[in-house]
Amino acid sequence: MSTLRVNTLQDATGNNQPAMVGAAKAWVNFNGEGTVAIRQAFNVSSITDNGTGDYTVNFTTAMADANYAVFVTRSV
């Protein structure tokens, strides 16, 4: 079996976007209680706390257009 290890995966134009169709373009796991803190993330530069249960996720590299979906879950 082979192992592929890379630090940065880019598409042919070098846009720092994953070159794989269907791969997540961004994701984030953050602590939303008290001081908001990112635990782990990909293509997310920061989180803004706008009030109770209202957050803005700021991307490192913008999406290609405004036609993308968001999936949110909460652990208790």
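**Exercise 1. Into how many nonpolar, polar and charged residues does the lining of the largest pocket divide?**

Solution. The lining of the largest pocket holds 16 nonpolar, six polar and four charged residues. Here Ala, Val, Leu, Ile, Met, Phe, Trp, Tyr, Cys and Pro count as nonpolar, Asp, Glu, Lys and Arg as charged, and the others, Gly among them, as polar.

Before going on, note that this is a predicted model, where local features need pLDDT of at least 70, side-chain atom pairs count only at pLDDT 80 or more, and totals for chains, interfaces and linings use all residues. Residues are numbered from 1 along each chain as its sequence is written, and side-chain values use heavy atoms, with hydrogens and water left out.

**Exercise 2. Find which strand gives the most to the lining of the largest pocket.**

Solution. Start with the strands, which are DSSP runs of E with at least two residues, numbered from the N terminus. β1 and β4 each supply at least two lining residues. Next, look at β1: with five residues, β1 gives the most.

**Exercise 3. Is N43 buried or exposed, and where is N43 found?**

Solution. First, locate N43 in the loop between β2 (37–42) and β3 (44–51). Then check its relative accessible area: at 13%, N43 is buried (buried is under 20%, exposed over 50%, partly exposed in between, with a 1.4 Å probe and protein chains only). Finally, look at the backbone: N43 is not a glycine, yet has a positive phi of about 60 degrees. Most residues other than glycine have a negative phi.

Definitions and conventions: Helix = DSSP H or I, 4+ residues; strand = E, 2+ residues; numbered from the N terminus.
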